[in-house]
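Open the model in your viewer and keep the selection panel at hand. Each stop below says what to select and what is there.

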Amino acid sequence: MNIRIDIKNLLIFSLAFILFTAIGTISHEYGHIIVAKSLGYETTLHYGSMNYDSGELNDNLIQIYNQHETEIKNNLDFEKRNEYETGIERLKSNGLLITIGGPLQTILTGIIGLIILLWRRKQIRQNGLKIIDWLAVFLSLFWLREVFNLVMSVGREILSPNGTWFGGDEKNISQGFELWSGTFPILLGLLGLLISIFVIFKIIPNKIRLTFILSGFLGGIIGFILWMNIIGPKLIP
(Lines give C-alpha, C1' and ligand atoms only; values in the text may rest on other atoms or scores of the structure.)
Protein backbone atom coordinates (compact mmCIF):
# COMPACT_ATOMS: atom_id res chain seq x y z
CA MET A 1 0.00 0.00 0.00
CA ASN A 2 1.37 3.39 -0.98
CA ILE A 3 1.39 5.65 2.09
CA ARG A 4 3.71 8.40 0.92
CA ILE A 5 2.92 12.02 1.75
CA ASP A 6 1.75 14.08 -1.23
CA ILE A 7 3.08 17.58 -0.51
CA LYS A 8 0.80 19.31 -3.01
CA ASN A 9 -2.32 17.69 -1.59
CA LEU A 10 -1.05 18.25 1.94
CA LEU A 11 -0.95 22.00 1.27
CA ILE A 12 -4.36 22.02 -0.48
CA PHE A 13 -6.08 19.97 2.22
CA SER A 14 -4.43 21.97 5.00
CA LEU A 15 -5.70 25.22 3.49
CA ALA A 16 -9.16 23.68 3.21
CA PHE A 17 -9.10 22.65 6.87
CA ILE A 18 -7.94 26.14 7.86
CA LEU A 19 -10.82 27.67 5.92
CA PHE A 20 -13.43 25.26 7.22
CA THR A 21 -12.23 25.73 10.79
CA ALA A 22 -13.20 29.40 10.54
CA ILE A 23 -16.42 28.61 8.63
CA GLY A 24 -17.38 25.96 11.16
CA THR A 25 -16.79 28.30 14.10
CA ILE A 26 -18.86 31.13 12.66
CA SER A 27 -21.67 28.89 11.41
CA HIS A 28 -21.84 27.30 14.87
CA GLU A 29 -22.36 30.71 16.43
CA TYR A 30 -25.02 31.51 13.82
CA GLY A 31 -26.83 28.41 15.02
CA HIS A 32 -27.12 30.08 18.42
CA ILE A 33 -28.06 33.39 16.81
CA ILE A 34 -30.85 32.00 14.63
CA VAL A 35 -32.56 30.49 17.67
CA ALA A 36 -32.05 33.63 19.76
CA LYS A 37 -33.50 35.85 17.05
CA SER A 38 -36.47 33.51 16.61
CA LEU A 39 -37.18 34.04 20.31
CA GLY A 40 -37.07 37.80 19.88
CA TYR A 41 -33.64 38.57 21.30
CA GLU A 42 -31.09 41.04 20.01
CA THR A 43 -27.80 39.29 19.24
CA THR A 44 -24.14 40.15 18.73
CA LEU A 45 -21.70 37.93 16.85
CA HIS A 46 -18.07 37.64 17.94
CA TYR A 47 -15.26 35.60 16.38
CA GLY A 48 -15.73 32.69 18.77
CA SER A 49 -18.95 33.41 20.62
CA MET A 50 -22.25 35.29 20.55
CA ASN A 51 -24.20 37.34 23.03
CA TYR A 52 -27.90 37.93 23.30
CA ASP A 53 -29.90 40.47 25.25
CA SER A 54 -32.77 38.84 27.13
CA GLY A 55 -34.42 42.25 26.98
CA GLU A 56 -37.85 42.97 28.40
CA LEU A 57 -38.27 39.60 30.11
CA ASN A 58 -35.00 39.91 32.00
CA ASP A 59 -35.67 43.55 32.91
CA ASN A 60 -39.08 42.59 34.30
CA LEU A 61 -37.60 39.77 36.37
CA ILE A 62 -34.92 42.08 37.76
CA GLN A 63 -37.57 44.62 38.70
CA ILE A 64 -39.67 41.99 40.49
CA TYR A 65 -36.58 40.64 42.25
CA ASN A 66 -35.54 44.08 43.46
CA GLN A 67 -39.04 44.71 44.81
CA HIS A 68 -39.38 41.32 46.52
CA GLU A 69 -35.81 40.24 47.25
CA THR A 70 -36.55 39.22 50.85
CA GLU A 71 -39.57 37.10 49.89
CA ILE A 72 -37.68 35.40 47.04
CA LYS A 73 -34.62 34.60 49.17
CA ASN A 74 -36.81 33.20 51.97
CA ASN A 75 -39.22 31.38 49.65
CA LEU A 76 -42.20 33.42 50.85
CA ASP A 77 -45.38 34.23 48.95
CA PHE A 78 -45.79 37.60 47.26
CA GLU A 79 -48.15 39.11 44.71
CA LYS A 80 -46.03 38.46 41.62
CA ARG A 81 -44.55 35.12 42.70
CA ASN A 82 -46.20 33.15 39.88
CA GLU A 83 -45.16 35.73 37.28
CA TYR A 84 -41.60 35.66 38.60
CA GLU A 85 -41.31 31.88 38.66
CA THR A 86 -42.88 31.55 35.22
CA GLY A 87 -40.48 34.16 33.89
CA ILE A 88 -37.48 32.39 35.39
CA GLU A 89 -38.55 29.08 33.81
CA ARG A 90 -39.07 30.78 30.45
CA LEU A 91 -35.63 32.41 30.70
CA LYS A 92 -34.02 29.04 31.45
CA SER A 93 -35.96 27.33 28.65
CA ASN A 94 -34.98 30.00 26.13
CA GLY A 95 -31.37 29.83 27.26
CA LEU A 96 -31.33 26.08 26.77
CA LEU A 97 -32.84 26.37 23.28
CA ILE A 98 -30.25 28.97 22.31
CA THR A 99 -27.46 26.76 23.65
CA ILE A 100 -28.79 23.81 21.64
CA GLY A 101 -28.83 25.93 18.46
CA GLY A 102 -25.04 25.93 18.04
CA PRO A 103 -24.34 22.18 18.25
CA LEU A 104 -27.55 21.49 16.33
CA GLN A 105 -26.33 23.60 13.41
CA THR A 106 -22.96 21.85 13.45
CA ILE A 107 -24.57 18.40 13.63
CA LEU A 108 -27.11 19.12 10.88
CA THR A 109 -24.33 20.39 8.61
CA GLY A 110 -22.38 17.21 9.29
CA ILE A 111 -25.43 15.06 8.58
CA ILE A 112 -26.05 16.85 5.27
CA GLY A 113 -22.45 16.17 4.23
CA LEU A 114 -22.74 12.54 5.26
CA ILE A 115 -26.02 12.07 3.36
CA ILE A 116 -24.43 13.46 0.19
CA LEU A 117 -21.50 11.06 0.55
CA LEU A 118 -23.77 8.07 1.10
CA TRP A 119 -25.97 9.10 -1.83
CA ARG A 120 -22.96 9.45 -4.12
CA ARG A 121 -20.90 6.56 -2.74
CA LYS A 122 -21.37 4.43 -5.85
CA GLN A 123 -20.33 7.27 -8.15
CA ILE A 124 -17.34 7.98 -5.90
CA ARG A 125 -16.19 4.36 -6.21
CA GLN A 126 -16.53 4.47 -9.98
CA ASN A 127 -15.26 7.96 -10.79
CA GLY A 128 -13.41 9.19 -7.71
CA LEU A 129 -14.14 12.24 -5.58
CA LYS A 130 -15.51 15.26 -7.44
CA ILE A 131 -15.82 18.82 -6.12
CA ILE A 132 -19.26 18.19 -4.62
CA ASP A 133 -17.88 15.10 -2.88
CA TRP A 134 -14.95 16.98 -1.38
CA LEU A 135 -17.37 19.66 -0.17
CA ALA A 136 -19.49 16.91 1.41
CA VAL A 137 -16.37 15.44 3.04
CA PHE A 138 -15.53 18.71 4.77
CA LEU A 139 -19.16 19.33 5.72
CA SER A 140 -19.46 15.84 7.22
CA LEU A 141 -16.30 16.46 9.22
CA PHE A 142 -18.07 19.24 11.09
CA TRP A 143 -18.66 16.31 13.44
CA LEU A 144 -14.99 16.60 14.41
CA ARG A 145 -16.00 19.54 16.59
CA GLU A 146 -17.69 17.13 18.97
CA VAL A 147 -14.58 14.93 19.05
CA PHE A 148 -12.30 17.96 19.56
CA ASN A 149 -14.42 19.32 22.43
CA LEU A 150 -14.46 15.98 24.23
CA VAL A 151 -10.73 15.39 23.83
CA MET A 152 -9.85 18.94 24.89
CA SER A 153 -12.10 18.82 27.95
CA VAL A 154 -10.76 15.47 29.17
CA GLY A 155 -7.18 16.40 28.29
CA ARG A 156 -7.45 19.69 30.16
CA GLU A 157 -8.73 17.89 33.26
CA ILE A 158 -5.93 15.32 33.11
CA LEU A 159 -3.23 17.98 32.75
CA SER A 160 -4.75 20.45 35.21
CA PRO A 161 -7.32 18.73 37.44
CA ASN A 162 -10.11 20.90 38.81
CA GLY A 163 -12.98 18.42 38.97
CA THR A 164 -14.50 19.55 35.66
CA TRP A 165 -14.18 16.83 33.05
CA PHE A 166 -16.52 18.33 30.50
CA GLY A 167 -17.25 21.77 29.09
CA GLY A 168 -18.90 23.77 26.34
CA ASP A 169 -22.41 23.75 24.99
CA GLU A 170 -22.75 19.99 25.28
CA LYS A 171 -22.15 20.03 29.03
CA ASN A 172 -24.61 22.91 29.46
CA ILE A 173 -27.23 21.07 27.41
CA SER A 174 -26.80 17.97 29.58
CA GLN A 175 -27.25 20.02 32.72
CA GLY A 176 -30.19 21.88 31.18
CA PHE A 177 -31.96 18.54 30.79
CA GLU A 178 -30.89 17.62 34.34
CA LEU A 179 -28.63 14.83 33.09
CA TRP A 180 -25.07 13.93 34.03
CA SER A 181 -22.80 16.64 32.62
CA GLY A 182 -20.93 14.14 30.45
CA THR A 183 -24.02 12.74 28.74
CA PHE A 184 -24.03 14.81 25.56
CA PRO A 185 -20.25 15.44 25.41
CA ILE A 186 -19.57 11.69 25.38
CA LEU A 187 -22.55 10.68 23.23
CA LEU A 188 -21.88 13.28 20.54
CA GLY A 189 -18.11 12.87 20.80
CA LEU A 190 -18.30 9.12 20.17
CA LEU A 191 -20.84 9.57 17.38
CA GLY A 192 -18.63 12.21 15.80
CA LEU A 193 -15.64 9.87 16.05
CA LEU A 194 -17.52 7.03 14.33
CA ILE A 195 -18.72 9.29 11.50
CA SER A 196 -15.24 10.78 11.03
CA ILE A 197 -13.68 7.31 10.92
CA PHE A 198 -16.23 6.25 8.29
CA VAL A 199 -15.53 9.29 6.12
CA ILE A 200 -11.75 9.00 6.41
CA PHE A 201 -11.45 5.23 5.96
CA LYS A 202 -14.38 4.50 3.66
CA ILE A 203 -14.55 7.62 1.47
CA ILE A 204 -11.01 9.03 1.25
CA PRO A 205 -8.86 6.96 -1.18
CA ASN A 206 -6.02 4.91 0.34
CA LYS A 207 -3.32 6.68 -1.64
CA ILE A 208 -4.08 10.11 -0.12
CA ARG A 209 -5.54 9.04 3.23
CA LEU A 210 -2.42 9.63 5.31
CA THR A 211 -1.89 12.98 3.59
CA PHE A 212 -5.49 13.91 4.36
CA ILE A 213 -5.17 12.91 8.03
CA LEU A 214 -1.95 14.89 8.48
CA SER A 215 -3.49 17.91 6.77
CA GLY A 216 -6.44 17.63 9.16
CA PHE A 217 -4.12 17.91 12.16
CA LEU A 218 -2.04 20.69 10.62
CA GLY A 219 -4.92 22.66 9.11
CA GLY A 220 -7.13 22.23 12.14
CA ILE A 221 -4.48 23.44 14.60
CA ILE A 222 -3.27 26.28 12.39
CA GLY A 223 -6.84 27.28 11.53
CA PHE A 224 -7.84 27.34 15.19
CA ILE A 225 -4.84 29.47 16.16
CA LEU A 226 -5.22 31.85 13.22
CA TRP A 227 -8.95 32.37 13.66
CA MET A 228 -9.18 32.43 17.45
CA ASN A 229 -6.03 34.45 18.11
CA ILE A 230 -5.14 36.51 15.02
CA ILE A 231 -7.72 36.90 12.25
CA GLY A 232 -10.98 36.43 14.14
CA PRO A 233 -10.39 39.06 16.85
CA LYS A 234 -9.58 41.63 14.17
CA LEU A 235 -12.51 40.84 11.84
CA ILE A 236 -15.24 40.17 14.41
CA PRO A 237 -14.00 41.36 17.82
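The model is predicted: local features need pLDDT of at least 70, side-chain atom pairs count only at pLDDT 80 or more, and totals for chains, interfaces and linings use all residues. Residues are numbered from 1 along each chain as its sequence is written, and side-chain values use heavy atoms, with hydrogens and water left out.

**Helix H1**

Select residues 7–38, helix H1. Helices are DSSP runs (H or I, at least four residues), numbered from the N terminus. The end C-alpha atoms of H1 are 46 Å apart, which agrees with the 46 Å that its 32 residues should span at 1.5 Å a residue; the expected span is 1.5 Å times one less than the number of residues.

Next, select Asp6 and Lys8. Asp6 caps the N-terminal end of H1, with a side-chain oxygen 3.1 Å from the backbone nitrogen of Lys8. After H1 comes Gly40, where phi is positive, near 95°.

**The pockets**

A pocket is an open set of points on a 1 Å grid over the protein atoms alone where a 1.4 Å probe fits, with protein on both sides within 12 Å along at least five of seven lines; lining residues have an atom within 4 Å of a point. The largest pocket has a volume of about 1,400 Å³, volume being the space filled by probe spheres set on the points. Select Leu144, Arg145, Phe148, Asn149 and Gly220, the closest to its centre of the 38 lining residues. Helix H7 (144–159) is among the elements that give two or more residues to this lining, and the largest share, nine residues, comes from H7.

Move to the second largest pocket, of about 180 Å³. Its lining includes Asn9, Ile12, Phe13, Trp134 and Phe138. Helix H6 (131–140) and H1 each give two or more residues, and H6 gives the most, four.

**Aromatic rings**

Which way do the rings of Phe17 and Phe138 meet? Their centres are 4.9 Å apart and their planes at 70°, so the pair is edge-to-face (rings of Phe, Tyr and Trp, its six-membered ring, pair if their centres lie within 6.5 Å; planes under 30 degrees apart count as stacked, over 60 as edge-to-face, the rest as tilted). Phe17 in H1 and Phe138 in H6 are 121 residues apart.

Finally, select Phe13, Phe17, Phe20, Trp134, Phe138, Phe142 and Phe212, which ring pairs link into a cluster.

Key. Polar contact = N/O pair within 3.5 Å; in protein donor to acceptor, adjacent residues only side chain to side chain.
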